[in-house]
Amino acid sequence: MKNKSSILKWILIGVVVCLVLAFPAFAKNRYQVHIVNNIGIWILLSLGLNIAQGYGGQFNLALGALWGVGAYTAALLQTRLGVPFWINLPLGIIAGATMAAFVGLPSFKVRSHYLAIVTIGLGEVINLFLVNQDELTGGALGINRIKPPSLFGFPIDTDERFYYLILIMVILGYLIGRQIVGHRIGRAFRALRDDFQAARAMGVNTGFYQILAFAISGAYAGAAGVLFAHWNSYISPDIFEFKSALIVLTMVMIGGMGSLPGSVVGTVLLLVLNEYLRVFEEWQLVGYGVAIIVVVLFVPGGVVELVRRFGNFRQRWSAGLTKEKSNMEEQQNVP
Amino acid sequence: MNTTSIFLQTIIGGIGIGSLYALIALGYSMTFRSMGLVNFAQGSIYMVGTYFGIIWYRGMVMGLHVPYAAAFFIGLLCNVLLGLLLERIFRPLAKLDLMLMLLATIGLGFILDNLFTIIFGAEGFAVDSPLSNTPWKIYGIRVLPQMALLIGVSAVLMVGLQLFLSKTKLGMAMRASAVDYEIARTMGIATNRMNALALSIGCMMSAAAGILAAPIVYVAPSMGAAVGLKGFAAAILGGLGSIPGAIAGGLVFGVLEALSSGYVSSQWTKAIAFIVMVVVLMVKPSGIVGEITIEKV
């Protein structure tokens with residue numbers, strides 16, 4: 001019985017992997033691939049936010065701006081100095097992480113909604129820098145003609161080719177995230193989130209881990225930014241702001257705060273729904289608002305909690321059946 | 001014009017926009033002190049209140065051109081009702097984790113913003129001032145009559161609120177329920193009703209700010225986002241939950257903004273205001289008035 005289910009599981013995984021790998025082949029049109037690429041980039045962002053906030057309890061609403069830091073690092077290095085993608089990627093990640101560490105410095109002094117507003121404020125300052133320093137960043141017009149990456153002379157310039165690059169990045173990001181949350185750092189983060197004072201008393205270097213949480217989210221945002229700049233070939237400051245951070249927060253909430261699969265599920269759900277609900281135009285946005293409130297009030301753990309609850313229900317249901325049986329037997333034994 | 005009068009003019013402009021922020025900040029603080037909830041939809045409530053009043057004034061409802069003063073009171077009344085409704089929605093939220101609360105109020109703001117975009121369209125409109133558009137000259141300082149009205153009515157509202165909270169029995173009951181919910185309940189205060197009242201007052205203040213400022217700023221469904229954020233920054237600056245703090249924070253924030261746009265660079269106005277806020281939080285997290293101590297690390 002057990003063997004059979006594990007074989008089934010592996011077949012299922014195999015099918016999913018094949019489908020994911022072959023996706024550009026059976027996608028109906030280019031646009032679908034484009035949407036999926038976009039989803040990949042947002043998954044990186046929501047993984048970053050989930051590690052910092054869901055595990056580390058550190059609000060980072062400057063995430064949208066940090067995404068911009070990564071994107072502008074890549075765009076400027078590419079258009080001004082001709083630096084290729086493969087060098088921009090680590091540089092963008094470092095830039096995002098460093099900037100995030102600075103954004104996280106106030107977390108030594110302030111917490112909860114105060115930290116939230118401080119990170120919002122610092123994010124807006126970064127965004128204003130992108131808008132106002134027009135000699136450097138091109139101002140509100142942004143930067144265009146960012147060259148796509150190439151691998152040994154093979155240009156990764158179409159959505160189909162980019163799909164695999166983004167896929168690899170997302171898988172890497174997910175695996176690295178799992179390593180982070182599953183080990184020492186993850187345990188320290190959870191201790192920090194659940195009880196700050198107790199974590200401190202247990203000898204967790206709270207300051208270090210707070211900054212680390214910010215830096216990790218910044219690194220993910222930086223990677224997403226570099227990918228976005230090279231993929232889209234055009235960037236402008238209008239998406240690198242607070243609103244994007246809010247969208248990522250919504251994705252994480254709907255998927256499941258403090259769960260990496262939740263990040264993936266939430267992002268896919270929101271962006272796919274976005275495509276299907278486009279016919280409703282503005283009402284779709286109202287629907288998002290309602291969805292957020294419903295999730296918060298009834299399933300604060302998001303989709304992941306919903307699945308878990310369903311699992312528990314099934315367990316209890318089957319457990320209940322056997323219990324009932326034994327109860328009946330007991331009753332029969334009583335004279 | 002000499003430098004002194006330019007300086008004074010900048011200060012007056014700052015006080016005008018600062019009264020707007022102060023009224024919004026009062027909304028945040030009233031909600032926070034009664035329910036322990038940071039209402040990130042406050043900016044949207046400000047926008048909604050503005051529309052509730054201005055649509056009557058501009059004759060957008062059945063072509064009725066209501067006088068400005070009447071439209072003002074209609075807007076206030078509508079937002080008071082909105083506040084009563086919001087208390088029902090927020091009641092289950094007050095027990096939740098901060099992040100969930102924050103997200104739910106953001107969701108609510110999202111709903112309001114987009115509903116009003118659907119009803120009134122994304123493009124906004126300019127509103128004519130009921131007073132004349134030629135500025136008064138006082139000792140060489142030019143002041144728009146609408147700006148004077150904004151400052152004057154805001155001052156009356158703020159003083160009125162302070163008197164209401166400190167002198168009337170109802171106001172004292174509200175303060176009691178804000179200080180200790182459980183004890184206030186045992187003393188026979190209907191705490192839920194006090195929360196509803198606090199929220200309504202907060203919403204009313206936001207509507208007043210919006211309708212008074214409408215002829216100066218531009219009215220659009222997206223008008224709440226930036227003002228909401230600045231109002232929150234102002235509330236934090238003064239000390240979240242404190243009424244005098246919200247007023248002081250709003251005025252300081254407005255004046256700072258005006259000074260930075262007048263003397264440094266108008267592009268960096270927003271950044272400078274936020275940087276000051278971050279610095280204040282780092283140095284004195286309880287805000288400049290510092291009535292209520294907050295959790296420090």
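Two residues are in contact here when their C-beta atoms, placed from the backbone, lie within 7 Å. This is a predicted model, in which local features need pLDDT of at least 70 and side-chain atom pairs count only at pLDDT 80 or more, while totals for chains, interfaces and linings use all residues. Residues are numbered from 1 along each chain as its sequence is written, and chains are lettered from A and ligands numbered from 1 in the order in which they are written.

**Figure 1. Ala233(B) and the nonpolar core.** Let us start with Ala233(B), which is in contact with Ile117(A), Gly121(A), Phe253(B), Ala273(B), Phe274(B) and Met277(B), leaving aside its neighbours within four places in sequence. Together with Leu45(A), Ala233(B) touches the most other members of the largest nonpolar core, a set of 200 residues. A nonpolar core is a set of buried Ala, Val, Leu, Ile, Met, Phe, Trp, Tyr and Cys residues joined through C-beta atoms within 7 Å. Buried residues have 20 or more other C-beta atoms within 10 Å of their own, exposed ones have 12 or fewer, and partly exposed ones fall in between, again with C-beta atoms placed from the backbone. Helix α10 (residues 206-232) of chain A gives this core its largest share, 17 residues. Helices (H or I, at least four residues) and strands (E, at least two) are DSSP runs, numbered from the N terminus.

**Figure 2. The side of chain A that touches chain B.** Here 33 residues of chain A are in contact with 34 residues of chain B. On the chain A side, α5 (112-132), α11 (242-255) and α13 (282-298) each supply at least two residues. The largest share, 13 residues, comes from α5(A). Sorted by class, this side of chain A has 24 nonpolar, five polar and four charged residues. In this scheme Ala, Val, Leu, Ile, Met, Phe, Trp, Tyr, Cys and Pro count as nonpolar, Asp, Glu, Lys and Arg as charged, and the others, Gly among them, as polar.

**Figure 3. Chain A as a whole, for orientation.** Chain A holds 14 helices and two strands. Its C-alpha trace spans about 95 × 55 × 40 Å along the principal axes. Of the 335 residues in chain A, 46% are buried. Among contacts in chain A with a separation of 6 or more, 79% join residues 24 or more positions apart.

**Figure 4. Helix α2 crossing helix α12 in chain A.** The axes of α2 (residues 30-55) and α12 (residues 260-276) of chain A come within 9 Å and cross at roughly 140 degrees. Axes are lines fitted to C-alpha atoms, for helices over the stretch in contact, and angles run from 0 to 180 degrees between N-to-C directions. α2(A) and α12(A) are therefore oblique to each other, since angles under 35 degrees count as roughly parallel, over 145 as roughly antiparallel, 65 to 115 as roughly perpendicular and the rest as oblique. The crossing of α2(A) and α12(A) is right-handed; a crossing is right-handed if the near helix is turned clockwise from the far one by less than a right angle, and left-handed if anticlockwise. Residues making the contact include Trp42(A) and Asn50(A) of α2(A), with Gly266(A) and Glu275(A) among those of α12(A). This contact divides into nine nonpolar, seven polar and one charged residues.

**Figure 5. Helix α3 crossing helix α8 in chain B.** In chain B, the axes of α3 (residues 68-90) and α8 (residues 191-213) come within 7 Å and cross at roughly 145 degrees. The crossing of α3(B) past α8(B) is right-handed. Phe72(B), Gly75(B) and Glu87(B) are among the α3(B) residues that meet α8(B), whose own contributors include Cys203(B), Met204(B) and Ile211(B).

**Figure 6. Tyr163(A) and its neighbours.** Tyr163(A) sits in helix α7 (residues 159-182) of chain A and is buried, with 22 other C-beta atoms within 10 Å. Not counting residues up to four places away in sequence, Tyr163(A) touches Phe23(A), Pro24(A), Val33(A), Val36(A) and Asn37(A).

**Figure 7. Two loop residues with positive phi.** Arg145(A), though not a glycine, has a positive phi of about 55 degrees. Arg145(A) lies in the loop between α6 (134-137) and β1 (150-151) of chain A and counts as exposed, with 9 C-beta neighbours inside 10 Å. Ser233(A), in the loop between α10 and α11 of chain A, has a positive phi near 60 degrees. With 15 C-beta neighbours inside 10 Å, Ser233(A) counts as partly exposed.
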